[in-house]
Amino acid sequence: MLGLALGDAFGAPYEGGILERALWSMLGTSNGKRRWTDDTQMTIDVIESLLACRCVDQNDLAHRFARSYRWSRGYGPGAAKVLKRIRRGEAWESAAVAVFPQGSFGNGGAMRAPAVGLFFAENSDADIARATRDVAAITHAHPLASEGAALIALATALACSGADNNEMLHRLSQCAESREYLDRLTKARAWLEEGEVVAPRQVAAELGNGIAAIESCVTAVYAALAFRNYSFDALLEFTVSLRGDVDTIAAMASAIWGADRGADQLPRERLEQLERRDDLERLAGSLAEAVGFREGR
Ligand SMILES: [Mg+2]
């Protein structure tokens, strides 16, 4: 969870084009600390809801998402519309369909999926995928969005259990359903077996670096696994150089990396610059306690 917030807050200044960057240069700090974006806010909402309800309660989640919504956290325009409708009292099911008749295929369901993977880490892969799809559905019901979210949640859960790259790619491929994801996972697996980290430009071209789930989820998995024996800063530098949707790709990759390496491997200087770090650590502690993770992981 701390990894996710760091990747989000330190990736955000590099996201998108000139206009987005100029806007974030004005919004990106708060009391001298690095602000995180919607990725971290929705992760907080998911964890608070799971801790309160002890299961996925879509109505509770929808209300938390809607209550926490602030335009200045960089929410996608579609998700913003859905959340404003829910805040006005509309049921989440009809709000989501009104804005996205086919369901959104963006990565907004995947960016909050590590939280689900952590909470359900001890459950079966199928149960993790099901819970994640339910959490994603409130704003991201398109099959490719919920499939990407399930992959990110499962990768986070497997990282917690110390699975190696081979095991992880095997289980992720078993969980994948569409040709689009399977092809990308096969490519990531081949690259990881070769050993050398692939150039960011090639990763962006072949796995993607966009706001669609299919253009970012396997990219984040690849980055996390390619850098699992490197420093957090090396991973961050790589995700920044992928360009595109940097905050979300960095958030997802850093969440998986953090679940693998543990909080004590995160750079202390960056944690000290992180907005509301104490609150995040408290919440992460409550989550660890609820799930029964052993100390330090
Ligand atoms: Mg964001």
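# Tour of a predicted model

Select helices α3 and α17 to begin: α3 passes α17 in a left-handed crossing (the near helix is turned anticlockwise from the far one by less than a right angle). The model is predicted, and local features need pLDDT of at least 70, side-chain atom pairs pLDDT 80 or more, while totals for chains, interfaces and linings use all residues. Residues are numbered from 1 along each chain as its sequence is written.

Display α3 as residues 38-53 and α17 as residues 277-291; their axes lie 11 Å apart at an angle of about 40°. Helices are DSSP runs of H or I with at least four residues, strands runs of E with at least two. The axes are lines fitted to C-alpha atoms over the stretch in contact, with angles from 0 to 180 degrees between N-to-C directions.

Next, show Ile44, Ile47 and Leu51 of α3, which meet Leu283, Ser286, Leu287 and Ala290 of α17 (C-beta atoms, placed from the backbone, within 7 Å).

Move to Arg276, in the loop between α16 (268-272) and α17. Its phi is near 50°, a positive value in a residue other than glycine. Arg276 is partly exposed, because 17 other C-beta atoms lie within 10 Å (20 or more would be buried, 12 or fewer exposed).

Asn31, in the loop between β1 (29-30) and β2 (33-34), likewise has a positive phi near 50°. With 7 C-beta neighbours inside 10 Å, Asn31 is exposed.

Finally, select Pro200 in helix α12 (residues 200-206). Beyond four places in sequence, Pro200 touches Phe238, Ser241 and Leu242.

Key. Contact = placed C-beta atoms within 7 Å.
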